[in-house]
Amino acid sequence: MFATEKLVAWCVVPFDAKKRGPAERVEMLQKLGFKRYAYDWRAEHLPTFDEEVALLKKAGIELTAVWFPANLGADAQKLLEVLKKHDVKTQLWVTMGDPGGTDQTAKVERAVKVLRPLAEAAAKQGCTIGLYNHGGWFGEPENQIAIIERLKLKNVGIVYNQHHGHDHFDRFPKLLEAMKPHLLALNLNGSVKGGDKAGKKIVPLGGGELDLQLLAVIAKSGYTGPIGVLGHTSDDAAERLVDNLDGLRWLVPQLGGKEPGEKPKYRTWK
């Protein structure tokens, strides 16, 4: 489940010191052995999204997910238009802030009101909506599960990000079990307890003292869906991805009780 060709490269479009364009990015993914890719973007990237999707298809790289607004405005319509043009059915990763409301029931209802039109539009194109934890009320898995249960739509699930789950480490096994029926993707991160408050929010795999423990929970959980690895820094995206791949290759044998080899020498982390 942790083989490179099964992993999803994530956060490598606006987070890249080399500011690669579509062709350079697809070439990078091919060189590193990725067969899956999740597309994040800023406004300046949308004009070349059509080109990027065409190049991904030509290269045989799956567009596993697309970062998606919490509305159906012009940017959302552009994304849906390109996906429809290329007949790509993918996950649309959506986050939002606190939906407002005086109590839990009201918050869930307000979130449902925002998300239902998105989910219905996605369903028309064979896409799914992934509720993406990004902190706050919406980033709590229990709240996301409550939203999904209230929506009662088959194409809505959860995308869980370890780099936004620092407060969840102690209860991660319980959370993963609860999320598993809804889990569309799980993005890994080097995990340091309290790291989000100590300048270590995003760390290469193998660089966090909790990495092996959390990886073991995932391996034993029965989850078989997409596993993402991050860029998400101001470094060269290729170097940060390689650091994560090296760290993962160092960790995985230890899951089977093997002695670790030499710890990776990271290019983007000290």
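A residue is called exposed when its relative accessible area is over 50%, buried when that area is under 20%, and partly exposed in between. With a relative accessible area of 67%, Asp170 therefore counts as exposed. Keep those cut-offs in mind as you look around this structure, which is a predicted model.

**The annotated domain**

Let's begin with a stretch that has a label. An unreviewed UniProt entry annotates residues 75-241 as "domain: Xylose isomerase-like TIM barrel". Over residues 75-241, the chain is 40% helix and 14% strand.

Now find strand β5, residues 128-132. Is β5 mostly covered or mostly open? It is mostly covered, with four of its five residues buried. On one hand, β5 is joined to strand β4, residues 91-94, by four bridges, and these two strands run parallel.

**Asn155, tucked into a loop**

Follow the chain to the loop between α5 and β6, and you will find Asn155. This residue is buried, because its relative accessible area is 13%. What does Asn155 touch? Setting aside residues up to four places away in sequence, Asn155 touches Ala119, Ala122, Ala123, Cys127, Thr128 and Ile129. With Ala119 there is a particular detail to look for: a polar atom of the Asn155 side chain lies 2.9 Å from the backbone oxygen of Ala119.

**Asp50 and its partners**

Next, look at Asp50 in helix α2, which spans residues 49-59. Its relative accessibility is 22%, so Asp50 counts as partly exposed. Which residues does Asp50 contact beyond its neighbours within four places in sequence? They are Val82, Lys85 and His86. The side chain of Asp50 makes a polar contact of 2.6 Å with the side chain of Lys85. Another polar contact, also 2.6 Å, links the side chains of Asp50 and His86. Leu79 is 29 residues from Asp50 along the chain, and the C-alpha atoms of Asp50 and Leu79 are separated by 8.6 Å.

**Salt bridges**

How many salt bridges does the model have? The count comes to 21. Here are some of them, with the distance between the nitrogen and oxygen atoms:

| Residue | Partner | N to O distance |
|---|---|---|
| Lys107 | Asp98 | 2.8 Å |
| Arg171 | Glu140 | 3.0 Å |
| Asp170 | Lys193 | 2.9 Å |

Take the Lys107 and Asp98 pair. Lys107 counts as buried because its relative accessibility is 15%. Asp98 is partly exposed, as its relative accessibility is 49%.

Arg171 and Glu140 meet in a salt bridge too. Arg171 sits in the loop between β6 (156-161) and α6 (172-179), while Glu140 sits in the loop between β5 and α5 (141-151), so the pair ties together parts that are 31 residues apart in sequence. Both partners count as partly exposed: Arg171 has a relative accessibility of 31%, and Glu140 has 25%.

Finally, return to Asp170, which forms a salt bridge with Lys193. This pair links distant parts of the chain, 23 residues apart: Asp170 is in the loop between β6 and α6, and Lys193 is in the loop between β7 (183-187) and α7 (211-221). Lys193 is partly exposed, with 48% relative accessibility. Elsewhere, salt bridges that share partners join Asp16, Lys18, Arg20 and Asp236 into one network.

Technical notes:
Residues are numbered from 1 along each chain as its sequence is written. This is a predicted model: local features need pLDDT of at least 70, side-chain atom pairs count only at pLDDT 80 or more; totals for chains, interfaces and linings use all residues. Side-chain values use heavy atoms; hydrogens and water are left out. UniProt positions are given in the numbering used here, feature names are shortened, and annotations may be inferred rather than shown by experiment. Buried means under 20% relative accessible area, exposed over 50%, partly exposed in between (1.4 Å probe, protein chains only). Contact means heavy atoms within 4.5 Å. A polar contact is a pair of N or O atoms within 3.5 Å; within protein, one must be able to donate a hydrogen and the other to accept it, and residues adjacent in sequence count only if both atoms are side-chain atoms. A salt bridge is a side-chain nitrogen of Lys or Arg within 4 Å of a carboxyl oxygen of Asp or Glu. Two strands pair if DSSP finds at least two bridges between them.
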